[in-house]
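Student: Could you walk me through one part of this model up close, the metal site and whatever sits around it? I'd like the cut-offs as we go.

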Amino acid sequence: MDLIIKNGLLVTPSETYKADIAVSDGKIVDIGYDLGTDASEVVDADSKYVLPGAIDAHTHLAMPFGGTISSDDYFAGTRAAACGGTTTVFDFALQDFDEPMLDVIKRRDAIAAPQAAVDYAFHIGVKDIHGELLDSMKDAVDYGVPSFKVFMVYDFGVSDGVFYQVLQKSKEIGAMISVHAENNEMVNYNVKKFLSEGKTSPWYHYLSRPEFVEAEADMRAIQWAKATGAKLYIVHLANKEGVAAVTKAKEEGYPIYAETCPQYLNFTSDVYKREDGRNFVCSPPIKGQESQDALWASLKRGDIDVVATDHCPFMQSEKDWGIDDFSKIPNGCAGVENMYPYMLAKANKGEITFNKAVEVCSANPAKIFGCGQKGSLAVGKDADIVIYDPVKDFTVTCDAMHSNYDQTIWEGTEFHGYPEMTFSRGNLVYKDGKFLGKAGNGKFVKRKLD
Ligand code: URP
Ligand code: ZN
Ligand code: ZN
C-alpha cells in the first residue's frame with residue numbers, strides 16, 4: 001500500500017463517518033475501520049476531516065483578456081489550487097477565430113501539460129462557428145472535452161444566432177453549454193453614457209451592469225435551452241432574479257444548472273465604493289445584499305449546483321489602468337486557493353454542512369461535467385484527498401498565497417479551520433502552508449457526459 005490515512009472523519013455529500021482510507025497507485029483501494037499501518041506512508045487524521053479534493057470548474061489561467069494575460073499561468077494556478085485543497089481545475093480554452101475545436105484543446109494542452117501541478121480539464125470558449133467549425137465541436141466531445149462556453153458579452157461574445165446553433169449542436173453531440181449571461185447592448189450603452197458624464201469610478205462598473213442586465217440574459221438563455229432541449233450551465237450566477245429563473249426551470253424538469261462563486265457569496269456591491277474597488281471589478285459585478293441572500297438560500301436548497309471561482313487574477317498595476325476609467329480595468333478576481341477554505345469555514349461555523357460544501361465544490365462538478373473518477377471518497381476513485389484541520393486559524397495575505405499576483409480581494413479574510421494536507425492521486429502536494437507538488441504532475445482529465 002502507498003498510503004493509509006487513519007482515524008479521520010470522512011465526508012461525502014450524504015454521510016460523515018470515521019474510517020481509514022487506503023491508497024495504491026493513485027487510487028482509493030479500501031475504506032474501512034482499522035486498515036492497519038502496512039503502507040509506505042501512514043497519516044494520522046484523528047480530529048481532522050478527510051474530504052475529496054475540490055474541483056474548481058471555472059478558472060482562467062494565462063488567459064489573454066482585458067488587454068493583458070491573467071497573471072497565473074498553469075503552474076502558478078495549479079500550485080495555488082493544491083494549496084487550497086483543489087485537486088482539479090477546469091480551465092477555459094478560448095478559441096481563436098477560424099480555429100477548429102480540437103486545435104483549441106491541443107494548443108492549450110501544449111502549454112498546460114508541462115506546467116500543471118494538479119489535474120486539469122478544459123471547457124472551450126466558443127467564438128467562431130462558421131463553415132465546419134460548428135461540426136468540429138463533436139471532435140472535442142470525442143476527445144474528452146464535452147463542455148463549451150458562450151459569452152453574451154465582451155468583444156468576442158457571440159450573437160444570439162450563434163448561441164442558438166451551439167445549443168442545438170450540443171443536444172445532437174451530447175455536450176453541455178455554459179453561458180456568461182449579461183446583456184451586451186445594455187452594458188455598452190451604460191458604459192458609454194457614464195463615461196461621457198464623467199462617472200468613472202468602479203461604482204459605475206456595477207451600475208453599468210445592474211441586476212436586471214444579468215437577469216434578463218439568464219432568462220433568455222434558459223428560454224433557448226428549453227426550446228432546444230439542450231443542457232445549460234449558467235456560470236458565475238450573481239443575481240436574485242436569475243436564481244429564481246433557475247429554480248423555476250429546475251422545477252419544470254429542465255436540465256439547467258447553476259454555478260456561483262465565493263466572491264458573490266462573501267461580498268456585496270458596496271466593495272465598489274471602496275478605495276480599492278477596482279480590485280473587485282469582475283463581470284458580472286458583485287451584486288447587492290438581496291442577491292447574496294438569494295444565492296445562499298438557493299445553494300442550501302440545492303438549486304445552485306456548483307461553487308467555482310472564475311479565478312482570473314491580475315496584477316495591481318493592471319487593475320490600476322482603471323483608476324480614472326472603470327472600463328479599462330481588466331475584469332476578474334482571484335479565488336482558486338480560497339474557495340474550499342471559504343466554503344469549509346462556513347461549514348465549520350455551522351452555516352452549511354460539510355456535506356454541502358463537498359457536494360457543491362467537488363461531487364456536483366464531477367457529476368455534471370462527466371468526471372467519473374473524481375469528486376468523491378469511494379473505492380476505485382482517484383485519491384484526490386484533503387485533510388482539514390477544524391481548529392487551525394488562517395488569515396489570507398498575498399504573501400501566504402501561492403499564486404502570481406500582488407493583490408487579492410481575499411486579503412485579510414480570516415478562516416477558522418484550514419486544509420492541512422492535499423493529495424493529488426495519492427501524492428502529497430501540499431502540507432502546512434507549503435507546496436510540495438511538481439509542475440507536469442497534473443494530468444489532462446478526459447470526460448464524458450451522462
Ligand atoms: O470578470 C470576469 N468574470 N473575468 C473572467 C472572464 C469571465 O467572464 O468569466
Ligand atoms: Zn464569464
Ligand atoms: Zn470566467
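Tutor: The zinc ion (ligand 3) and the zinc ion (ligand 2) are separated by 3.7 Å. This is a predicted model, where local features need pLDDT of at least 70, side-chain atom pairs count only at pLDDT 80 or more, and totals for chains, interfaces and linings use all residues. Residues are numbered from 1 along each chain as its sequence is written, chains are lettered from A and ligands numbered from 1 in the order in which they are written, and side-chain values use heavy atoms, with hydrogens and water left out.

Take the zinc ion (ligand 3) to begin with. Its protein donors are H58 (NE2), H60 (NE2) and D310 (OD), at 1.9 to 2.1 Å; donors here are N, O and S atoms within 2.8 Å of the metal (3.2 Å for Na, K and Ca), and water is not among the atoms, so sites may look incomplete. Along the chain, these donors are spaced H-x1-H-x249-D. The angles among the 4 donor atoms run from 88 to 142°, and the site is irregular.

Now the zinc ion (ligand 2): K149 (NZ), H180 (ND1) and H236 (NE2) coordinate it at 2.1 to 2.8 Å. Their sequence spacing reads K-x30-H-x55-H.

Some of these residues turn up again at ligand 1. For polar contacts (pairs of N or O atoms within 3.5 Å), a side-chain N or O atom of H180 is 2.9 Å from a ligand 1 oxygen. A polar side-chain atom of H60 lies 3.1 Å from an oxygen of ligand 1, and a backbone N or O atom of G332 is 3.4 Å from a ligand 1 oxygen. On its own, ligand 1 has 260 Å² of accessible area (Shrake-Rupley, 1.4 Å probe), and the protein covers 100% of that.

Notes:
Polar contact = N/O pair within 3.5 Å; in protein donor to acceptor, adjacent residues only side chain to side chain. Tetrahedral: all angles 85-135°; square planar, octahedral: opposite > 155°, others 65-115°.
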